[in-house]
Amino acid sequence: MPLSSVPRRVARAVGAPGRWSVAAQTFALQAVIAVLVVAAGLAGAFVQAQRAGDEEATARATAVAETVAATPAVVAAVQGPDPTATLQPYAERVRAESGTDFVVIMSRAGVRYTHPDPAQIGKPFLGHTAEALAGGTVVEDYTGTLGPSSRAVVPVLDGRDVVALVAVGIRKSAVGAQVQAQLPGLLLAGLAAAALSGLGTALVARRIRRQTHGLGERQLREMYEYYDAVLHAVTEGLVITDLDGTLRLANDEATRLLDLPADAVGRRATELGLAAPLAAALTDGRAHEDELHVTSARVLVLNQGPATWRGRLLGHVATLRDRTDLEALTGELDSARGLTEALRSQAHESANRLHTIVSLIELGHTERALDFATEELHVSQVLTDHVVAAVDEPALTALLLGKAAEAHERGLELEIAERSRWPRDVAPVRDLVTIVGNLVDNALDAALQSHGARRVAIDAHVEEGHAGRTWAVLSVSDTGPGLPPGGVDEAFRRGFSTKEQGRAGRRGIGLALVAQSVERLGGSLEVTGPPGATFVVRLPVGAGR
């Protein structure tokens, strides 16, 4: 889908929460969560404050009751003839000073000696006293004459004897009033927390909106699904690098073609074990069009261009196409074309010789005609016998005969060393044609540039190596100008050539294909020169099997 149209469609769908942008959905979700958290916090704080108020009221009532019960005047008064006269003023004074709601001193039977309401004096106490009569402390919430309250009942002891009881309580309404007095502070703290949460939510939503370009969840999901499907479906390798040359994306085909490791994404292209020219092309930041690159196993066509968004350069996008089989077939086609041209030339030469023989016979020079014919046949047969005896591989024999005819036509001398030998099954036929064909073609082209003898020499033999291994050795040398200074190390890299570019940009690929085939077969390749150039290929016997 066009990216430019998505924000406008999302803007038109603001009223539908399901089609909001990810930033809007995130903001709404975080706002709801913040409100719930603040509300839950306020409720928890209120409940906690209420519980703390109840605990504080109970602790204060217990402390006051124990203090009153331990007062000697109280112990003496409860055993006197008129406890109320002595204890009522005292109890009221303690109640006022301690901030409690009632201080009731009573007999063991629960008859009140004191009470905030004098009308309740002499009446029975409302509540539980059994534990206090046994010498313990009663702590409870109970509804008495003054309403619900938190109270404590303790014994008044004379020695070890319980002579009276003291009950001190604080009404629940008083505790609630204390908690309500804290509500403004709690609400203010809640509002501050909500404001900070809203600010943080807005900043997060703004950042998400900028990172997602205002796209909605549906648009992002579809974009990912379609783009991922396209990356896996395309038959070309796709590679994306950033401005630092770090690999950011490689689809399945690119991973296969480049033999990338599993952790390739996030690493620099120069650290992935790629051929130096290919790694340089992926990181140089320049555009490349239909550029051939040779890896250890493939010939690849590279196209690379800048990746921009709203005028900002993000990195570079490269596509890779496998041209290995095409290059091999092209090489075989060139060899076949050369053989065809050689046969055509031979046919032309044969026609000329035949006309010469016929003319000699017509002129009556029969002996000279016979000598001329047998001499030409002898030369051709000697070359054919020599090649057939030296090479056990029929396809290679045909290739060398074709190259010999091509050399003769081009005014070059192609020599095959005496006692040369090339056994069968050294390598697959396709690889042999690639190796020998490219090396001989390169030598013929180089020999044409010689100002002296124009000669190409071929030598093949078998030698024993270390650990009992047998090697087939092929040497191709020419009398050309040789490699330029420093060109030995560059000879087998993609694009190296001492000649002008040929058709379809194929110059500079032949030697690279030779090196690739030799490496795949487990052999070695060496080159020396000047004067001239000598290429030596060593292949293990049996590599073709």
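Colleague: Is Asp-290 buried, partly exposed or exposed?

Modeller: Keep in mind that this is a predicted model. Asp-290 has a relative accessible area of 46%, which makes the residue partly exposed.

Colleague: With which residue does Asp-290 meet in a salt bridge?

Modeller: The general idea is that side chains of opposite charge can pair when their charged atoms come close. Here the partner of Asp-290 is Arg-321, at 3.6 Å from N to O.

Colleague: How is Glu-92 placed relative to Arg-95 in helix H4?

Modeller: The two residues are 3 apart in helix H4 (residues 83-98), so about one helical turn separates them. Glu-92 and Arg-95 form a salt bridge, with their closest N and O atoms 2.8 Å apart. Arg-95 is partly exposed, with a relative accessible area of 23%. Another salt bridge is formed by the side chains of Asp-284 and Arg-286, at 3.1 Å from N to O. Asp-284 has a relative accessible area of 29% and is partly exposed.

Colleague: Now the packing. How many residues does the largest nonpolar core have?

Modeller: As a general point, nonpolar side chains in soluble globular proteins tend to be buried together. In this model the largest nonpolar core has 36 residues, and Trp-422, Ile-435, Leu-439, Leu-474, Val-537 and Leu-539 are those with the most contacts inside it. Several elements each supply at least two residues of this core, among them helix H12 (394-409), helix H13 (429-448), strand S11 (455-464), strand S12 (470-478) and strand S14 (533-540). H13 gives the most to this core, with 8 residues.

Colleague: Which residues is Ile-435 in contact with, leaving aside its neighbours within four places in sequence?

Modeller: Ile-435 is in contact with Val-514, Ser-517, Val-518, Leu-521, Val-537 and Leu-539.

Colleague: Which residues does the second, separate core include?

Modeller: That core has 23 residues, including Val-68, Val-74, Val-94 and Ala-152.

Definitions and conventions. Residues numbered from 1 in each chain as written. Predicted model: local features only at pLDDT ≥ 70, side-chain atom pairs only at ≥ 80, totals over all residues. Heavy atoms only, no water. Core = buried A, V, L, I, M, F, W, Y, C linked by side-chain atoms within 4.5 Å. Buried < 20%, exposed > 50% of the residue type's maximum accessible area, 1.4 Å probe, protein only. Helix = DSSP H or I, 4+ residues; strand = E, 2+ residues; numbered from the N terminus. Contact = heavy atoms within 4.5 Å. Salt bridge = Lys/Arg side-chain N within 4 Å of Asp/Glu carboxyl O.
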